[in-house]
Amino acid sequence: MRKYLVGIAVIFIVLLVIVLAISSLTTKETKTNTNSIQWGNDLNQAMEEAKKSNKTIFIDFYADWCSYCGEMDEEAFTDPQVIGKLTQNYVLLKVDVDENPDLSSKYKAYSLPTMVIVDSSGNEIKRIIGYQTPEQLLSQI
C-alpha cells in the first residue's frame with residue numbers, strides 16, 4: 001500500500017513539473033509576441049513624444065489578472081494591421097491598473113480592458129471598453 005501511495009505521489013509531482021514547464025513556455029511566448037509593439041509606460045514622456053511627433057496617445061489599461069487583456073495581447077496587439085496602424089498613428093502607452101491606480105482613476109479605467117486615446121495634453125478624445133478583435137479595434141483606431 002505504501003509503495004502504491006509513493007508511486008502516485010511521484011506521478012503527481014512529475015505531472016506538476018510538466019504542467020509548470022509548459023505554462024512557463026507559453027508565458028514567455030506571449031511576452032515575446034507582445035514585444036512587437038514598443039509600449040511606453042510613462043504618460044509625461046508619452047505627452048512630450050506626442051507633441052514632437054504630432055500624434056495622439058493610445059493608452060491600454062490592463063491588469064495581469066484580466067483574461068481579456070491577455071487575449072488582446074495575444075490576438076489584437078499581435079495582428080500586423082493593428083500593429084501598423086497603432087505604431088503609425090499613436091504614441092503607445094501600456095498601463096497596469098494595479099501598479100498605477102492614480103492614472104487609472106484619472107482616466108476612469110474601471111472596467112478592463114480599457115483603451116483611451118488622448119491628445120498630447122492628456123485630454124481624452126476616445127474610449128474603447130472591453131475585448132476587441134483585431135477587426136473591431138481597427139475600425140475604432
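Tutor: Some terms come first. Ala, Val, Leu, Ile, Met, Phe, Trp, Tyr, Cys and Pro count as nonpolar; Asp, Glu, Lys and Arg count as charged; the others, Gly among them, are polar. A pocket, on a 1 Å grid over the protein atoms alone, is an open set of points where a 1.4 Å probe fits, with protein on both sides within 12 Å along at least five of seven lines; lining residues have an atom within 4 Å of a point.

The model is predicted: local features need pLDDT of at least 70, side-chain atom pairs pLDDT 80 or more, while totals for chains, interfaces and linings use all residues. Numbering starts from 1 along each chain, and side-chain values use heavy atoms, without hydrogens or water.

The second largest pocket has a volume of about 180 Å³ (the space filled by probe spheres set on points joined across faces, edges and corners). Its lining has 14 residues; Q38, G40, E49, V91 and L92 are the closest to its centre. By class, six are nonpolar, five polar and three charged. β2 (90-96) and α2 (43-53) each supply at least two lining residues. β2 gives the most, four. Helices (H or I, at least four residues) and strands (E, at least two) are DSSP runs, numbered from the N terminus.

Now the sheet. Four strands form an open, mixed sheet, ordered β2-β1-β3-β4; pairing takes at least two DSSP bridges. β2 and β4 (124-129) are the edge strands. β3 (114-118) and β4 run antiparallel, joined by five bridges. There, T114 stands opposite I129.
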